[in-house]
Amino acid sequence: TLATAALTGTLLMGCTNGGKITSVDTSYIQFSAESTPVDDPVMAALIEPYKSKLDKDMNAVLGQCELDMFKSTPEGVLGNFIADLALVKTNQYCKEMGLPAADVCLLNNGGLRTTLPKGPIYKKRIFELMPFENELVVLTISGEKMQGLFDFLARINGMPISGMTLVIENSKPKEMTIGGETFDKSREYRVATSDYLAEGGDKMRFFLDPVKRDNLTHKLRDAIIEFIAEEGDKGKAVTARIDGRTTVIE
């Protein structure tokens, strides 16, 4: 619903040059796409310049997608794509801010609200894919909490991850690697994720009380848009694949 406020003021001025405002009356007119813009030509004319600019921006082509991307478990092409680019962009932001790089990225399938079809990628599609205002953060967590992360992923049969691999057997983590090396429970790891998940969203309680939290002040949606546009500027179509980063042994 779109809302606008119309302000009307009653100025009671004295006969001298020292006039002042003695009262202000305000009223609010609420309208939606289903009513006022169509029925009220004055209001429609008022918002038309903004609507035209927004439509032009949302219909901009950011780049091309090489294949249809869907989310799935234990591993999906769409989840792999978003997690990989989120880790890339996170580490760009970390470098700009003088922060250590993230080791891995963990996101959630529930945050991906639609597919990414093959062909041109319109900016509005990314707003449909990621309608939330979630920001990227990096959490430094203990090896024990990282073990809790792997235990959680095994119980729920996987989530979008990058920078790590996981083999699940009987709903338990059997083999785990980070950055190509065997997971070491004695060390700390830096995990890129969204602020929603960092605060324990989707039952990710292992993220609570981290050793350190770095807020990157960049929205995940903006990172997706930037990455696709950067690849588009290079003449590259974005792509992803199932690569076995999460495997379930039946």
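Mentor: Start with P74, in the loop between β3 and α3. This is a predicted model, so read each angle as a computed value. The peptide bond joining T73 and P74 is cis, with omega at about 0°. Most peptide bonds are trans, and most residues other than glycine have a negative phi.

Go to the loop between α6 (195-198) and β12, where K203 lies. K203 is not a glycine, yet its phi is positive, about 65°. K203 counts as exposed because its relative accessibility is 62%, and the cut-off for exposed is over 50%. D209 sits in the loop between α6 and β12 as well. Its phi is about 55°, again positive without being a glycine. D209 has 69% relative accessibility, so it too counts as exposed.

Now follow the chain to helix α7, residues 220-233. It has 14 residues. From first C-alpha to last it reaches 20 Å, close to the 20 Å expected at 1.5 Å a residue. Which residues of α7 are buried? They are L220, R221, A223, I224, I225, F227, I228 and E231. Look at the spacing as you read that list. An α-helix has 3.6 residues a turn, so residues three or four places apart point the same way. Next, find the partners. The buried residues of α7 pack against the strands β3 (61-65), β5 (119-122), β6 (135-141) and β12 (212-219). They also pack against the helices α3 (77-97) and α4 (123-129). Just after α7 comes G235, with a positive phi of about 80°.

Notes: Residues numbered from 1 in each chain as written. Predicted model: local features only at pLDDT ≥ 70, side-chain atom pairs only at ≥ 80, totals over all residues. Heavy atoms only, no water. Helix = DSSP H or I, 4+ residues; strand = E, 2+ residues; numbered from the N terminus. Expected span 1.5 Å × (residues − 1). Buried < 20%, exposed > 50% of the residue type's maximum accessible area, 1.4 Å probe, protein only. Contact = heavy atoms within 4.5 Å.
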